[in-house]
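Visitor: I am new here. Please show me around, and let me ask how you know things.

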Amino acid sequence: MNKKALILLFSMIALVTGGLVTAGLIVTSEEEARPVFTGEYSLGPNDELAYVIERKGVHTLFAQMGDGHPAPVYQAEEEWEIHAPVFTGETEITFVETTGEPKEPPGKQEFQLVHSDVKTATVENGETTTVLDARGYITELLYDDAKDRLIVNGVHMSTEKKPEVGFIPYESALYILSRDGDVEKIRSFDAYSPGSLQITKEGEHLFMILPDDFEEVTPESMFEATERIYEMKIDDLSALQVVSKEDSDIPISEFVLVGDGTQMLYQTIMNWGEGGTYLYDTVWFDRSTKKEGKRLHINEAVMNAKLNEEGSWLYYVKMSQKADQTRQYGLYRFDVTGEKKEEKLNIEERIQEGEASS
Amino acid sequence: MDHKVEEFVKKLVDETDVQKEERDGLYNKWLNQVYRIRDEYLKQGKSLEDATHDAMETFEKEGKRRERLAQAIPVRKEWLVLLAGVGFLFTIGQYLYVLIGEKVALFHLLSNIVGHSVVLFLALYRPFLRQRKIWLSLALLFHVLLLIGNAAVHPAARGDHPLWFIGFGGMVLFNVILLYRTVLAYPKDSRTKTHRRILHLVNITLGLITGIPAVFVYWFMIAFGMPAQILFYFFVPLIGWILLYIAQVLLARRYPKAAVSSLALTVIMLGLLWWPWLAGYFQLEIGFGPFHE
C-alpha cells in the first residue's frame with residue numbers, strides 16, 4: 001500500500017474515532033442534564049409521592065400530589081444530598097439533608113465528620129424549617145403519626161458542635177425526634193444499622209431487620225448471622241423479639257407490615273442452598289402461624305418497599321447498574337390484590353413533561 | 001554473469017518466509033542492491049567476474065543478510081488485516097451499542113482503536129522497520145493486552161449478548177495464535193531456531209498464564225483494602241522477568257543451550273509474582289496482611 005493511501009486510511013480512522021468521541025460527549029452532557037431518580041422516595045396517605053431527583057449533581061425534592069405534574073419542593077445545596085423523605089402531614093414532607101456517607105472504604109469511615117440536618121418543607125410554598133442540625137450520618141426517618149414525632153436511625157449521630165477525634169467503631173442508634181428538635185436515644189446497635197424500619201399505627205412497636213447476632217457481634221459471628229425481622233416496644237427496650245421464622249437461616253432483606261401487622265410481606269431468597277445466583281422474591285407471611293404464604297413473583301431484588309394506606313399497591317425501588325457501573329434506580333408498584341401486577345412509575349419522564357408544559 | 005546474480009538473489013529470497021506476492025518486490029530490491037555493489041567494484045577497476053563475485057560476497061557479509069531476515073514476514077498480511085478489521089468492528093460496535101442502548105459513553109473502549117491501528121499499520125506498511133518481527137510481536141502483545149484490559153475495566157460493558165463473548169474470545173485466540181506464529185517464525189537455515197522457539201514459547205505462555213491473572217488478583221487485593229505497597233511483589237518479578245527474557249534472547253544467538261537452561265530462572269521469576277500466596281501456603285513471614293497468619 002502506498003503512502004498516500006495509508007495516510008488517507010489512517011486519517012479516516014482518526015476522523016471516525018473523533019466522531020465517536022464527539023457523539024459520546026454529546027450523549028454524556030445530555031444525560032447529565034437529565035433528571036435522575038436517586039432511589040429515595042416517600043408515599044403519602046392518599047398515594048401522594050415525594051421523591052428525590054438529581055440533576056448535574058444537585059438534589060431536589062419533588063412532590064407529586066394526585067394526577068398533577070410533580071413540583072419541586074426543596075433544592076439541596078451543592079454537594080449535599082437529600083435522603084429519607086417522609087410525609088409528616090398531608091402537605092408536609094420531612095427529610096434529611098446530609099453531606100453523604102463518608103467516602104473512605106468501610107472500616108475507615110469517620111461518620112462523626114459528616115453532617116445531617118432534618119428539615120421539614122411544605123409542599124404548597126416550599127417553606128422550610130430545620131428541625132435538627134446534627135453530626136453523623138442519618139440513614140432513615142420514620143414518622144410516628146400517633147404521637148406526631150419522628151424516629152431517626154443514625155450512625156454516630158450527635159448534636160455536639162465539635163466532632164470526636166479519630167476513628168470510632170461503627171455504631172448506629174435509634175432516636176426519638178420531636179418537632180421542636182428534642183432528641184432522645186432509644187437504643188444503639190454495635191456494628192449494624194437496623195433496616196426496613198416500620199412502626200405500628202399506635203406508635204408503640206417498632207419493627208426492623210437485624211442480623212441475629214446483633215446483641216453480641218464478633219468478626220466470626222458476622223459471617224454466620226442471618227437477617228431476621230425483630231419487633232421492639234419503644235417503651236421497653238429489653239423486649240426485642242424475633243417476628244420471622246426462628247429456625248430458618250434464609251436472610252430477609254426487606255419487609256412491610258400489612259394492616260394491623262398480623263400479616264407481612266417480606267423479601268427473601270427463594271433458591272437458598274441450591275447454588276447459583278440468588279433468586280429474590282417477596283412473599284406473604286402470617287405472624288400468628290409463622291408460615292410463609294404465596295409469592296408475589298416479582299422475581300427480582302427490590303429495596304425501599306412501602307405499602308400504600310389501602311394495602312393495595314406495594315411500592316418499591318429496583319436498582320440496576322449501567323455499563324459504566326453507575327447505579328440507576330426505578331420506582332415501581334405492584335398490585336398485591338388485583339391482576340395488574342407490576343407497573344413502572346416513569347417519574348423522570350413526568351418531570352420532563354411537567355417542565356416542558358410549563 | 002547477470003544470470004549468476006539472479007540465481008544468487010533468488011536463492012536468498014527463497015530462504016525467507018516472505019509471501020509469494022511479495023517475493024518479486026524483495027527480489028528486485030535485493031538484485032538492485034547487488035548490482036550497485038558490483039558497479040562500485042567495477043569503478044574500482046575490477047573485472048566483471050571478480051566484481052560480481054565480490055559483490056555477492058559483500059552483500060552477504062555486510063549484514064544485509066540480517067536485514068533480509070528481519071524483513072521476513074512471519075504471518076500473512078491478510079490475517080493481520082482481518083484481526084485489525086474485526087477489532088475495529090468489535091470496538092466501534094460495542095461502543096455504539098452501549099452509547100445508544102444505555103446512553104453511556106465508554107471512552108476507554110476507544111483506546112482499543114490504537115491497538116487495531118498499530119496492527120493495521122504494520123500489516124500494510126512494510127518497508128518501514130528493520131526489526132519488523134520484534135515490532136509486530138510487540139504490537140500483537142499490546143493489542144491483546146488492551147483488549148483484555150478494556151474488557152476487564154467495566155465488566156458490565158460486556159452486555160449479556162452472546163455475540164460479545166464469541167467476538168471477544170475469538171479475537172483474543174486469533175491474536176494469540178498470530179503472536180506465537182510471529183515470534184516462533186525463523187528462517188529455515190537458522191541453526192538455533194529450535195532453541196529460540198522453545199525460549200519464546202515458554203516465556204510467552206508462562207508470561208500470559210501467570211501475569212494476566214496476577215494483575216487481576218493484585219488489583220482485587222488492593223480494592224479490598226490491601227496497601228498499594230503490595231504491588232512491589234508484582235513489579236519486581238515482572239521487571240526481572242522482562243530483563244531475563246531480553247538476556248535470554250541475546251544469549252540464544254551464541255549459546256542457545258545455556259539460554260534454554262536458564263528457563264528455570266524464568267519459572268522462578270514468574271513464580272515470584274505469586275509469592276504472597278505461595279508464602280501464605282507455606283506459612284512464611286513476608287510482612288503483609290493475612291498471608292502470614
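**Where the chains meet**

Guide: In this predicted model, 18 residues of chain A are in contact with 19 residues of chain B.

Visitor: What makes two residues count as being in contact?

Guide: Their C-beta atoms, placed from the backbone, lie within 7 Å. By that cut-off, chain A brings 18 residues to the meeting and chain B brings 19.

Visitor: Which helix gives the largest share of the side of chain A that touches chain B?

Guide: Helix H1 of chain A, residues 3–33, with 11 residues. The side of chain A that touches chain B divides into 10 nonpolar, 5 polar and 3 charged residues.

**Chain A**

Visitor: How many helices and strands are in chain A?

Guide: Chain A has 3 helices and 23 strands. Its C-alpha atoms fill a box of roughly 85 × 55 × 50 Å along the principal axes. Of its 358 residues, 32% are buried. Take the contacts in chain A with a separation of 6 or more: 37% of them join residues 24 or more positions apart.

Visitor: Why is Leu345(A) called partly exposed?

Guide: Count the other C-beta atoms within 10 Å of its own: there are 17. Buried needs 20 or more, and exposed needs 12 or fewer. The count of 17 falls in between, so Leu345(A) is partly exposed.

Visitor: Where does Leu345(A) lie, and what does Leu345(A) touch?

Guide: Leu345(A) lies in strand S23 of chain A, residues 342–345. Leaving out residues up to four places away in sequence, Leu345(A) touches Leu331(A), Tyr332(A) and Arg333(A). Gly275(A) is 70 residues away from Leu345(A) along the chain, and their C-alpha atoms are separated by 33 Å.

Visitor: What is the order of the strands in the open sheet of 4 strands in chain A?

Guide: The order is S12-S13-S14-S15, and the pairing is antiparallel.

Visitor: Why do S12(A) and S15(A) stand at the edges?

Guide: Strand S12 (195–199) and strand S15 (236–242) of chain A each have a single partner strand, so one side of each is left without a neighbour in the sheet. On average, neighbouring strands of this sheet are turned by 25° against each other, direction ignored.

Visitor: How do you know that S12(A) and S13(A) pair?

Guide: Pairing needs at least two bridges. S12(A) and strand S13 (residues 205–211) of chain A have 3 bridges, in the antiparallel sense. So the pair meets the cut-off. Gln198(A) has Phe207(A), in S13(A), as its bridge partner.

**Chain B**

Visitor: Which domains does the domain assignment give for chain B?

Guide: It gives domain 1 (2–71), domain 2 (74–188) and domain 3 (191–293). In chain B, 7 residues of domain 2 are in contact with 8 residues of domain 3.

Visitor: Which helices supply at least two residues each to the side of domain 2 of chain B that touches domain 3 of chain B?

Guide: Helix H6 (132–153) and helix H7 (162–184) of chain B. H7(B) gives the most, with 4 residues.

Visitor: What kinds of residues form that side of domain 2 of chain B?

Guide: The residues divide into 7 nonpolar, no polar and no charged.

Visitor: Which residues of chain B does the UniProt annotation "transmembrane region" cover?

Guide: The unreviewed entry lists several stretches, including 230–251 and 258–277 of chain B. In the model, residues 230–251 of chain B are 91% helix and 0% strand, with end C-alpha atoms 32 Å apart. Residues 258–277 of chain B are 85% helix and 0% strand, and the end C-alpha atoms are 31 Å apart.

Conventions. Residues are numbered from 1 along each chain as its sequence is written. Chains are lettered from A and ligands numbered from 1 in the order in which they are written. This is a predicted model: local features need pLDDT of at least 70, side-chain atom pairs count only at pLDDT 80 or more; totals for chains, interfaces and linings use all residues. Domain bounds come from an automatic or database domain assignment. Ala, Val, Leu, Ile, Met, Phe, Trp, Tyr, Cys and Pro count as nonpolar, Asp, Glu, Lys and Arg as charged, and the others, Gly among them, as polar. UniProt positions are given in the numbering used here, feature names are shortened, and annotations may be inferred rather than shown by experiment. Axes are lines fitted to C-alpha atoms, for helices over the stretch in contact, and angles run from 0 to 180 degrees between N-to-C directions.
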